[in-house]
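Me: I have a chain open here and want to go through it. Can you take me through the sheet, the surface and the charged contacts?

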Amino acid sequence: MHKSFFPSSLHIRSNKKLVPQVAVLACVAVVALCDKPPVYAPPPPAYAPAPSYHAPEPAYHAPEPAYHAPEPAYHAPEPAYHAPNHYEPEYPDVPPKYNYNYGVADGYSGANFGHSESRDGYKTEGSYTVDLPDGRKQIVKYVDNGDGLVAEVTYEGEAQYPEYKPTYKPAPPSYAPPPPTYS
């Protein structure tokens, strides 16, 4: 027979229905006790008098330096050139007169353009041509008599817009989708 240290009137039997209720009651008690901010003792009063200590004046004084830097022995020379007081641009006394032209025809890139110009004093005449991507040739002729540029733009040929057919095709995926599964 089992003997208990407690009298039979104090003997507590475990009840499986009572255990969850006791656990919930313990949790509620912990939350209720922890829900309050901590209580601290008030700080001690700060009524100490201000310090009356005054630092003494230092007794040591640094001596004056005995070393004095010498004067520099090198003096920069004066510049050997003299800049003019005012720069006046110099213009030629004769009116400008020139002729030039150039052209580019590159079969590899398809570039085809050129330019020519002539000038005699204030009169300037010229023209330039360029092959456009749509198959036409643009020709610009211009004249300037000193009173402003006058340009005439003309086109040779008819614009071509061929249907776009892409030649690039993406590579097939390097993976295969999983085979379907039926249940």
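**Strands, surface and salt bridges**

Reply: Strand β1 and strand β2 (residues 111-120) run antiparallel and are joined by ten bridges. Strands here are DSSP runs of E with at least two residues, helices are runs of H or I with at least four, and both are numbered from the N terminus. Two strands count as paired if DSSP finds at least two bridges between them.

Me: What kind of model is it, and how are residues numbered?

Reply: This is a predicted model, where local features need pLDDT of at least 70 and side-chain atom pairs count only at pLDDT 80 or more, while totals for chains, interfaces and linings use all residues. Residues are numbered from 1 along each chain as its sequence is written, and side-chain values use heavy atoms, with hydrogens and water left out.

Me: Which residue in β2 is the bridge partner of Tyr-100?

Reply: Glu-117 is the bridge partner of Tyr-100. Tyr-100 itself is found in strand β1.

Me: What is the strand order in the sheet?

Reply: The order is β1-β2-β3-β4-β5, in an open sheet of five strands with antiparallel pairing. β1 and β5 (149-156) stand at the edges with a single partner strand each, so one side of each has no neighbour in the sheet. The twist averages 10° from one strand to the next, using axes that are lines fitted to C-alpha atoms (for helices over the stretch in contact), with angles from 0 to 180 degrees between N-to-C directions.

Me: How many bridges are there between β4 and β5?

Reply: Strand β4 (residues 137-144) pairs with β5 over eight bridges, in the antiparallel sense. Lys-137 has Glu-156 in β5 as its bridge partner. The hairpin of β4 and β5 has four residues between the strands, and Gly-146 there takes a positive phi near 100°.

Me: Switching to the surface. Which residues make the nonpolar patch?

Reply: Tyr-98, Tyr-100, Tyr-102, Val-104 and Phe-113 make a nonpolar surface patch of about 430 Å². Strand β1 (residues 97-106) gives the most to the patch, four residues. Patches take residues with over 30% relative accessible area and no salt bridge, joining like charges within 9 Å and nonpolar side chains (Val, Leu, Ile, Met, Phe, Trp, Tyr) within 5 Å. Areas come from the Shrake-Rupley method with a 1.4 Å probe, and for residues only the protein chains shown count as cover.

Me: Why does Tyr-100 count as partly exposed?

Reply: Because its relative accessibility is 35%. Buried means under 20% relative accessible area, exposed over 50%, and partly exposed in between (1.4 Å probe, protein chains only).

Me: And the helix: how many residues of α1 are buried?

Reply: Zero of the 17, so α1 lies largely in the open. Helix α1 (residues 18-34) reaches 25 Å from its first C-alpha to its last, close to the 24 Å expected at 1.5 Å a residue; the expected span is 1.5 Å times one less than the number of residues. Of the 183 residues of the chain, 6% count as buried.

Me: How many salt bridges are there?

Reply: Two. A salt bridge is a side-chain nitrogen of Lys or Arg within 4 Å of a carboxyl oxygen of Asp or Glu. Glu-125 forms one with Lys-123, with the closest N and O atoms 3.9 Å apart, and Arg-136 forms one with Asp-134 at 2.9 Å between the closest N and O atoms.

Me: Is Asp-134 buried or exposed?

Reply: Asp-134 counts as buried, at 12% relative accessibility.
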